[in-house]
Amino acid sequence: MLFRSLALGSDLREALDNKEQLMLYYQPKQDLQSGQVSEVEALLRWQHPLHGFIPPAEVIPLAEQTGLIQSLTYWVIEAAIKQHFAWQQAALMITISVNISVYNLQDRHFLSSIQSLLGRYHTRGDFLIFELTESAMMSDPAHAIASITEFCKLGIQFSIDDFGTGFSSLSYLKQLPAHELKIDKSFVFNMHNNDNDAVIVRSIIELAHNLSLRVIAEGVEDKDTFDLLRILGCDAVQGFYIRRPSAASDITACLNNYHDKMRSKLHG
């Protein structure tokens, strides 16, 4: 295992140099009120020439251990920016969320790097959402609050990911300049069969709305869960029931097909 990790660390460095092995897939988030999809989550894919697909759950810790997390995150954000412009050219206004690490927030050059990147593309970050786990935010709440505040000045929004799995202090939660909470899928998977999970989800939705935060439930895999979340007032959902992570071209075709159907209904 150690040898594989060392070898993959070297391979990841090479992949970041030529970038042909790296790609982004996107998973839509559907608004429960309008039914529209105007937001996607960017998910890293690494197709290793020898080992095949390396899952993100292995890539991210590897990048953190080898000190490559800054370069990898920077690559993901730049790729997301390029895709935003491609969708904009196709008349699709899509917000893209990107996962960042606590290591990114701790890097004193991260903010200036993202400022430079946005400057190079002559854009603000209004179409970007940075997703950061609850536990990462709580590891150093004061620093997290200060860092997030600076990124918000660039137009970038923040989402508290995997909410409910950490031990957030409500006194810090109300201070975080976040825009949304994502309910962890461990509470969502079986909520229509488990009263405790349903109560937790309802409580999180009510708490978030009282703090003026949008709520997204991840891990939605069936219609029963989808319908229950709509009844409970969740704002948006994400999961295999909506769509599996897909290449940008497939997402483009899906969204164009959706808009064509909407236009047909309006003019039909």
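## Strand S1 and its partners

S1 and strand S10 (residues 246–247) pair in the antiparallel sense over two bridges, where pairing requires that DSSP finds at least two bridges between two strands. Tyr-25 stands opposite Ala-247 in S10. Strand S9 (residues 236–238) is also antiparallel to S1 and is joined to it by two bridges, with Asp-31 opposite Ala-236. Strands (E, at least two residues) and helices (H or I, at least four) are DSSP runs numbered from the N terminus.

With S2, S1 pairs in the antiparallel sense over nine bridges, and Lys-29 stands opposite Glu-39 in S2. The two strands form a hairpin with five residues between them, and Gly-35 in the turn has a positive phi of about 80°. S1 covers residues 22–31 and is mostly covered, with seven of its 10 residues buried; buried means under 20% relative accessible area, exposed over 50% and partly exposed in between, with a 1.4 Å probe and protein chains only.

## Basis of the model

This is a predicted model, in which local features need pLDDT of at least 70 and side-chain atom pairs count only at pLDDT 80 or more, while totals for chains, interfaces and linings use all residues. Residues are numbered from 1 along each chain as its sequence is written, and side-chain values use heavy atoms, with hydrogens and water left out.

## The chain as a whole

The protein chain has 12 helices and 10 strands. Its radius of gyration is 19 Å, close to the 18 Å that the globule rule gives for 268 residues, so the chain is as compact as a globular protein of that length. The radius is taken over C-alpha atoms, and the rule is 2.2 Å times the number of residues to the power 0.38. Along the principal axes, the C-alpha atoms fill a box of roughly 50 × 50 × 40 Å. Of the 268 residues, 46% count as buried.

## Helix H3

H3 has 21 residues and reaches 30 Å from its first C-alpha to its last, close to the 30 Å expected at 1.5 Å a residue; the expected span is 1.5 Å times one less than the number of residues. Just after H3, Ala-91 takes a positive phi of about 65°.

## The largest pocket

The largest pocket holds about 980 Å³ of space. Of its 35 lining residues, the closest to its centre are Glu-41, Leu-43, Pro-56, Asn-99 and Asp-161. On a 1 Å grid over the protein atoms alone, a pocket is an open set of points with protein on both sides within 12 Å along at least five of seven lines, a cavity is a set where a 1.4 Å probe fits but cannot get out, and lining residues have an atom within 4 Å of a point. Points are joined across faces, edges and corners, and a volume is the space filled by probe spheres set on them.

S2 gives the most to this lining, with five residues. Elements that each supply at least two include helix H2 (56–65), helix H3 (69–89) and strand S4 (95–99). The lining divides into 16 nonpolar, nine polar and 10 charged residues. Ala, Val, Leu, Ile, Met, Phe, Trp, Tyr, Cys and Pro count as nonpolar, Asp, Glu, Lys and Arg as charged, and the others, Gly among them, as polar.

## The cavity

The structure holds one cavity of 30 Å³ or more. The largest cavity has a volume of about 40 Å³, and among the residues that line it are Val-102, Met-137 and His-143. Helices H4 (102–106), H6 (134–139) and H7 (141–152) give two or more residues to its lining.
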